[in-house]
Amino acid sequence: MKNILVYCGASVGFDEIYKNTAIAAGKLLVEKNKTLVYGAGSVGIMGIIADAVLENGGEVVGVIPSFMEKFEVQHKGLTQIHVVETMHQRKQLMAEISDAVVALPGGWGTLDELFEILTWKQLGLHQMPIGLLNVNGFYDPLIEMIHKMVKEGFLKQSNFDMLMIDDNLESLLNRMEQAEYPDFPVGKWVNKA
């Protein structure tokens, strides 16, 4: 588990805890000799975590679609940058070059990426561990909604269990490194009754 794909916000959020978490996360990735893979942004907690990794001597790989370059949000100091044509290519390449995924707080894009990578895992397209860093209870309502999906029969517990949740990144990474993920049987999520 060397390359850690991090999904997170292009905004900083209102509470200082999100900025501080991104800085601490960047330092921790370097301490653990991990490479950050992310969406190549220079803004929000995306930029903060990338800066923290780089300032502490770590490596950062960014993937950005070419149309976003005109918004001038691309981080210019990354170890490696990949420019692709579409958002779909961005998400696919980030997944292909990564060994694990962690979602920090974010907005639509973070949720989009998180749910897509979970769906890909459910479909058997990858076997990466997927973690949700629940900083400051940020994801509590989402976790409650996922429980409801299970309760109402739209998600099986085994699907929910694909997502590891913790409020401490070091603990989450340790759990992800030790986890064994057997192949998720394709079609298992379908209830044919």
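Modeller: Gladly! Helices are DSSP runs of H or I with at least four residues, strands are runs of E with at least two, and both are numbered from the N terminus. An axis is a line fitted to C-alpha atoms, for helices over the stretch in contact, and angles run from 0 to 180 degrees between N-to-C directions. This is a predicted model, where local features need pLDDT of at least 70 and side-chain atom pairs count only at pLDDT 80 or more, while totals for chains, interfaces and linings use all residues. Residues are numbered from 1 along each chain as its sequence is written, and side-chain values use heavy atoms, leaving out hydrogens and water.

Colleague: Why are α3 and α4 called oblique to each other?

Modeller: The axes of α3 (residues 87-96) and α4 (residues 108-122) cross at roughly 60 degrees and come within 12 Å. Under 35 degrees counts as roughly parallel, over 145 as roughly antiparallel, 65 to 115 as roughly perpendicular and the rest as oblique, so α3 and α4 are oblique.

Colleague: Which residues of α3 and α4 meet?

Modeller: K91, Q92, M94 and A95 of α3 meet D112, E113, E116, I117 and W120 of α4, where contact means heavy atoms within 4.5 Å.

Colleague: What makes the buried residues of α7 line one face of the helix?

Modeller: In α7 (residues 169-178), L169, L172, L173 and M176 are buried, that is, under 20% relative accessible area with a 1.4 Å probe, protein chains only. Directions from the helix axis to the C-beta atoms define the arc; for these residues it is 95 degrees, so they line one face. They pack against α1 (16-31), β5 (100-103), β6 (130-133) and β7 (163-166).

Conventions. Buried means under 20% relative accessible area, exposed over 50%, partly exposed in between (1.4 Å probe, protein chains only).
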